[in-house]
Amino acid sequence: MKPNFSLRLRVFNLNCWDIPYLSKHRADRMKRLGDFLNLESFDLALLQEVWSEQDFQYLRQKLSLTYPDAHYFRSGIIGSGLCVFSKHPIQEIIQHVYTLNGYPYMVYHGDWFCGKAVGLLVLRLNGLVLNAYVTHLHAEYSRQKDIYRAHRVTQAWELAQFIQCGSEDGCTMVPKNCYVSQQDLGPFPLGIRIDYVLYKAVSGFYIYCKTLKTTTGCDPHNGTPFSDHEALMATLHVKHSPPQEDPCPARGPAERSALTSVLREAWTELALGVAQARWWASFTGYVIVLGLFLLVLLCVLAAGEGAREVAILLWTPSVGLVLGAGAVYIFHMQEAKGLCRVQAELQHVLRRERETQDLGSEPHLAPLLTAGGGQS
């Protein structure tokens, strides 16, 4: 490979808000999105919340000449909502489904049924191997009382582990977007940065973002936006890194302290999530014991003559109570174990950080949270 090697990579990222029967102007937005992607001819288009596989097939056919390679990531009951379109051949595809993803009984939120995941694409361009990632974490439904925070922290940690191998403010949910309500923005009336394009170079290479743009709430041609999120469009350049240059320079004490603080805060959130999961498991455990006692009592009554009809009438709801409580118990026990696993991994990293600081050497935290791909 030549020493003056340089590669330009244009990346498009959009949370499409493509929910069948619920999202406004869905068919029209998908059509205009396909027209836009064909016109711009990006190297990679990373899409989230494409909940209709029929819409993916529609885009795949519409974009087949400009983006010959495409993939739809399937998981959960209704799918991950993730798909990619590539101008270049995709060599390998790997998918990781997050361990925790909300609660099955919160049906009106629906995240548990989706099977949120992260997808990895391996591309080879001009002799260079590129890893591109696309993901969608659990949604934040309430900033004031976020019952899913521990799950989202767990997903962020798993994403960081899996990846280890614009506008003036960068906001991607803005008040100018006609599909966004002020209630969605909450305490951020000027907008929220909620979608990201992250990148990282391995040793020997240097990668930087040449340009970054976001849409501004409306399509310049049609006037209505593609989605309730704004699209990100980044132009990345990959170059050889001179031997004397370190593409990942050491972090200063202030940066290391800030990163350690973030990980400690994450550990605390996980501890709260573990306590809540264990409380629910204990509560449903008592319900199971009570239900089994009630079933035994009903069996005794059914064996007699006086209350047989009542016992038979109450048998079915009692069995339903035991089975329902058992399902909730199993779910929250699995949730507690998943949170404890991530908590233990974070504890290990924090312990290693303390040891390296005591020895005065460089910490091992630096690469953990700096890698990335297309994320929403």
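## A buried glutamate without a salt bridge

Glu 335 is buried (under 20% relative accessible area, with exposed over 50% and partly exposed in between, for a 1.4 Å probe and protein chains only), yet Glu 335 has no salt bridge, and Arg 278, the nearest side chain of opposite charge, is 10 Å away. A salt bridge here needs a side-chain nitrogen of Lys or Arg within 4 Å of a carboxyl oxygen of Asp or Glu; Lys and Arg count as positive, Asp and Glu as negative, while His and the chain ends are not counted.

A word on the model: it is predicted, local features need pLDDT of at least 70, side-chain atom pairs count only at pLDDT 80 or more, and totals for chains, interfaces and linings use all residues. Residues are numbered from 1 along each chain as its sequence is written, and side-chain values use heavy atoms, leaving out hydrogens and water.

Glu 335 sits in helix H7, residues 308-359 (helices are DSSP runs of H or I, at least four residues, and strands runs of E, at least two, numbered from the N terminus). Beyond its neighbours within four places in sequence, Glu 335 contacts Leu 100, Tyr 103, His 151 and Ala 277, where contact means heavy atoms within 4.5 Å.

UniProt, in an unreviewed entry, places "transmembrane region" at two spans; such annotations may be inferred rather than shown by experiment.

Elsewhere, Asp 55 in helix H2 (residues 53-62) counts as buried because its relative accessibility is 11%.
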